[in-house]
Amino acid sequence: MMRIARTCSTLAAAAGLLVAVSAHADLTANTGATSDYVWRGTTQTGDGAAISGGIDYSHSSGLYVGTWVSNTSFGSQELDLYGGLSRTFKGVGIDLGVIKYLYPQSAGLNWTEFSAGLSYGPFSAAGHFTNDVFGSRTNAQYYEVAVSYPLPLGKGLTVGAHIGRYHFDNPTAATFDSYTDFNASLTKSVGNLGDFAITVSDTTLNSSRFVDGKPKLFVNWTKSFDL
């Protein structure tokens with residue numbers, strides 16, 4: 001999951017602005033299901049399935065806010081609140097924002113992350129920064145690059161590849177050693193039925209409470225629609 005978002009403290013103000021100028025804003029919703037909720041190479045559901053959904057506001061100015069929820073294996077569902085500014089200049093996309101990860105039944109895991117991203121054509125890159133990763137009061141940085149390209153055969157097929165590096169300033173507090181993750185995916189768009197994807201993912205972690213050191217193969221379905 002890559003989300004570039006705005007601080008939680010400004011979500012209400014930004015949402016109020018977007019509602020006030022709703023004639024110039026888009027409201028969309030999304031839903032999805034996956035055989036394994038894998039995020040930055042690590043399972044969030046103990047290798048189990050997940051169902052998710054969210055709502056997003058976006059404005060012609062580039063401002064956006066949204067929320068997204070999914071089940072996890074952490075004793076609580078995950079609720080994300082995010083917002084930011086996304087603009088394009090001479091073909092280069094720029095996205096600045098923040099995201100608040102909330103676990104209502106496991107509040108000790110709550111944390112906030114700031115992000116900045118660039119994109120050009122099929123390529124994208126982003127950096128994500130926090131001083132409280134997983135609620136541990138330790139600094140962490142995640143850097144990622146990705147490419148997504150429609151196959152020339154058409155028929156709604158897209159191939160993608162991604163590599164990321166997660167660095168923890170205090171691995172003991174974060175309960176993770178720093179690691180690299182990478183994946184490759186094939187996505188099929190099926191009109192009104194949504195998008196279906198199959199992904200192979202792996203990390204340089206040998207073992208942890210989230211990772212068994214083996215590549216993961218999972219499938220997912222997502223669909224977005226206007227409200």
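Before the first stop, a word on burial: buried means under 20% relative accessible area, exposed over 50%, and partly exposed in between (1.4 Å probe, protein chains only). The model is predicted, so to speak of local features takes pLDDT of at least 70 and side-chain atom pairs count only at pLDDT 80 or more, while totals for chains, interfaces and linings use all residues. Numbering runs from 1 along each chain as its sequence is written, and side-chain values use heavy atoms, with hydrogens and water left out.

**Stop 1: the salt bridges.** Select Arg40 and Glu113, both of them buried. They form a salt bridge with the closest N and O atoms 2.9 Å apart; the term means a side-chain nitrogen of Lys or Arg within 4 Å of a carboxyl oxygen of Asp or Glu. Strands here are DSSP runs (E, at least two residues), numbered from the N terminus.

How many salt bridges are there by this rule? The count is two. For the other pair, pick Asp47 and Lys216, whose side chains meet at 2.6 Å, N to O. Asp47 is in the loop between β3 and β4 (50–59) and Lys216 is in strand β14, so this pair ties together parts 169 residues apart in sequence. Is each end buried or partly exposed? Asp47 is partly exposed at 42% relative accessible area, whereas Lys216 is buried at 8%.

**Stop 2: Thr42.** Go to strand β3 (residues 42–43), where you'll find Thr42. Thr42 is buried, with a relative accessible area of 4%. Show its side chain together with that of Gln44: a polar contact of 3.1 Å joins them. That label needs a pair of N or O atoms within 3.5 Å, and within protein one must be able to donate a hydrogen and the other to accept it; residues adjacent in sequence count only if both atoms are side-chain atoms.

**Stop 3: around Val133.** Leaving aside residues up to four places away in sequence, Val133 touches Trp111, Thr138, Ala140, Tyr166, Phe168 and Ala174.

**Last stop: Val200.** Finish in strand β13, the place of Val200. With 43% relative accessibility, Val200 counts as partly exposed.

Key
Helices (H or I, at least four residues) and strands (E, at least two) are DSSP runs, numbered from the N terminus. Contact means heavy atoms within 4.5 Å.
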